[in-house]
Amino acid sequence: MAAASDKARFFLEQSVPELKEYERKNIFSADEITSITRKRSDFEHKINARGSTPSDYARYAEFEINVEALRRKRVKRLGIKSTAHNGKRRIFFVFDRGTRKHPGDVSLWLQAIDFARQQKAYKKLQEIFAKVLRLHPRKSDLWIYAAQFAVDENGDMTEARSYMQRGLRFCKSSRAMWLEYGRLEMSHIAKIQARREILGISTDRPKQEQTVEEDENVIKLPSLTARDINPDAEGDSNADTALHSFDSTSAMQGAIPLAIFDAAMAQFNDPSFALDFFDMVVDYEGLPACRKIATHIEEKLKMDWPQDWHSQACHIRLPLVSLEPNIPEFPAAFRQALANLREVRAETLCPELVGWVKGWLQNLAAIPDLDEGIKAVSESVLRSLDSP
């Protein structure tokens with residue numbers, strides 16, 4: 001116990017200059033500093049004593065986060081330009097001590113990651129990711145989190161792919177890992193497509209571009225040309241051709257998500273995973289690659305599991321992929337989907353497929369401004385499914 005008290009006293013002494021500065025600058029009153037010191041003393045004795053738990057460190061860090069938030073507000077209100085001490089350093093120190101003593105507690109690591117992300121301490125965040133992934137390489141959630149951070153905060157798709165591919169070496173049996181890798185690539189294609197449409201170099205939707213030109217309330221961005229990229233190449237149209245042919249490249253046509261799906265099916269060989277991947281892809285219906293990938297999944301299921309209800313679900317849903325409910329082509333595609341459903345019902349209709357069809361039709365009928373005829377047909381089919 002004496003050793004624990006000595007350690008607690010040592011760490012408390014480190015904060016004395018900081019507290020003195022806060023009192024001198026009237027950031028905290030003498031009573032508040034006494035209260036902070038007492039609280040810190042209690043926490044230090046707890047975490048340095050035998051039998052400390054990860055929750056002790058988490059509560060200590062939470063207390064320091066609250067103190068730092070109060071300090072920031074008062075510094076701003078009092079107009080103090082800067083202070084010699086930074087509370088973030090103390091909070092990271094508490095997390096570091098906690099993760100060193102309890103390296104197996106993933107929740108404590110995640111709290112440290114969340115705090116570093118909130119503070120935009122990217123260098124520290126990279127250090128934490130490196131440590132936790134080295135200690136817990138079989139935790140797929142950590143690899144997914146790291147990849148999402150690389151894309152969302154750093155905009156680094158190469159780093160995100162590196163996280164996912166390294167993670168799959170350790171987590172091949174994780175369905176979530178494969179699905180999130182596919183989602184990551186689909187999101188990347190969606191971002192590229194959106195940027196190209198903003199720049200006016202996408203050839204997929206000429207009708208929408210014409211509508212934008214005619215709308216006087218919308219500012220039309222200029223089209224990107226070879227001269228914009230290389231002013232010296234006045235007579236060369238190769239750059240323009242390359243820009244507009246980019247839509248037909250294998251990357252924009254979904255080659256990477258297709259490769260991910262094929263590799264995942266070689267690992268799982270499970271029709272339920274294929275349906276999950278199909279549903280994930282359908283979330284990106286605005287992409288030209290969506291229908292190609294969905295068709296590939298449906299063909300794979302039809303070839304390997306023609307009688308499985310997961311295969312039948314994809315077969316029913318496929319005609320409507322990449323079609324908005326308010327376009328003229330939708331009713332014909334909906335008729336084809338219902339024809340596929342009748343074809344399946346003529347053979348067999350298992351309870352799992354009935355539940356899936358009900359959910360699909362209910363979601364369709366709930367779409368705002370849906371054509372009344374389509375809504376009426378959907379409700380009629382739902383009633384027929386409920387009848388014996």
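User: At what angle do the axes of α8 and α10 cross?
Analyst: This is a predicted model, in which local features need pLDDT of at least 70, side-chain atom pairs count only at pLDDT 80 or more, and totals for chains, interfaces and linings use all residues. Residues are numbered from 1 along each chain as its sequence is written, and side-chain values use heavy atoms, leaving out hydrogens and water. Helices (H or I, at least four residues) and strands (E, at least two) are DSSP runs numbered from the N terminus, while axes are lines fitted to C-alpha atoms, for helices over the stretch in contact, with angles from 0 to 180 degrees between N-to-C directions. The axes of α8 and α10 come within 10 Å, and they cross at roughly 10 degrees.

User: Are α8 and α10 roughly parallel or roughly antiparallel to each other?
Analyst: Angles under 35 degrees count as roughly parallel, over 145 as roughly antiparallel, 65 to 115 as roughly perpendicular and the rest as oblique. The axes cross at roughly 10 degrees. Therefore α8 and α10 are roughly parallel.

User: Which residues of α10 make the contact with α8?
Analyst: Contact means heavy atoms within 4.5 Å. On the α8 side, Ser140, Trp143, Ile144, Gln148 and Val151 take part. On the α10 side are Ala176, Met177, Glu180, Leu184 and Lys191.

User: How many aromatic pairs are found, and how far apart are the ring centres of Phe129 and Phe149?
Analyst: Rings of Phe, Tyr and Trp (its six-membered ring) pair if their centres lie within 6.5 Å; planes under 30 degrees apart count as stacked, over 60 as edge-to-face and the rest as tilted. A search of the whole structure finds 18 aromatic pairs. The planes of Phe129 and Phe149 stand at 45 degrees, so this pair is tilted, and the centres are apart by 5.6 Å.

User: Which helices hold Phe129 and Phe149?
Analyst: Phe129 and Phe149 are 20 residues apart in sequence, so the pair ties together separate parts. Phe129 lies in α7 (residues 122–135), and Phe149 lies in α8 (residues 140–152).

User: Is Phe149 buried or exposed?
Analyst: Buried means under 20% relative accessible area, exposed over 50%, partly exposed in between (1.4 Å probe, protein chains only). Phe129, at 1%, counts as buried. Phe149 has 0% relative accessibility, so Phe149 counts as buried.

User: What is the angle between the ring planes of Phe334 and Trp360?
Analyst: Phe334 sits in helix α18 (residues 329–347) and Trp360 in helix α19 (residues 351–365), 26 residues apart. Both Phe334 and Trp360 are buried. Their aromatic pair is tilted, with 6.5 Å from centre to centre and a plane angle of 55 degrees.

User: Which residues join Phe129 and Phe149 in a cluster of ring pairs?
Analyst: The cluster is linked by ring pairs and includes Phe129 and Phe149.

User: Which residue lies over the face of Phe11?
Analyst: A charge sits over a ring if NZ of Lys or CZ of Arg is within 6 Å of the ring centre and within 35 degrees of the ring normal. At 3.8 Å from the ring centre of Phe11 lies Arg97.

User: How many salt bridges are found, and how far apart are the closest N and O atoms of Arg161 and Glu185?
Analyst: A salt bridge is a side-chain nitrogen of Lys or Arg within 4 Å of a carboxyl oxygen of Asp or Glu. A search of the whole structure finds 22 of them. One joins Arg161 to Glu185, with the closest N and O atoms apart by 2.6 Å.

User: Where do Arg161 and Glu185 lie?
Analyst: Arg161 is partly exposed at 22%, whereas Glu185 is buried at 2%. The pair links distant parts of the chain, 24 residues apart. Arg161 lies in helix α9 (residues 157–170), and Glu185 lies in helix α10 (residues 175–199).

User: Which helix holds both Asp56 and Arg59?
Analyst: Asp56 and Arg59 form a salt bridge, with the closest N and O atoms 2.7 Å apart. Asp56 is buried at 11%, and Arg59 is partly exposed at 40%. They are 3 residues apart, about one turn of their helix, α4 (residues 54–78).

User: Which residues does Leu108 touch, not counting residues up to four places away in sequence?
Analyst: Leu108 is found in helix α6 (residues 106–118). Leu108 counts as buried, at 1% relative accessibility. Its contacts are Pro54, Tyr57, Ala58, Phe95, Gly98 and Thr99.
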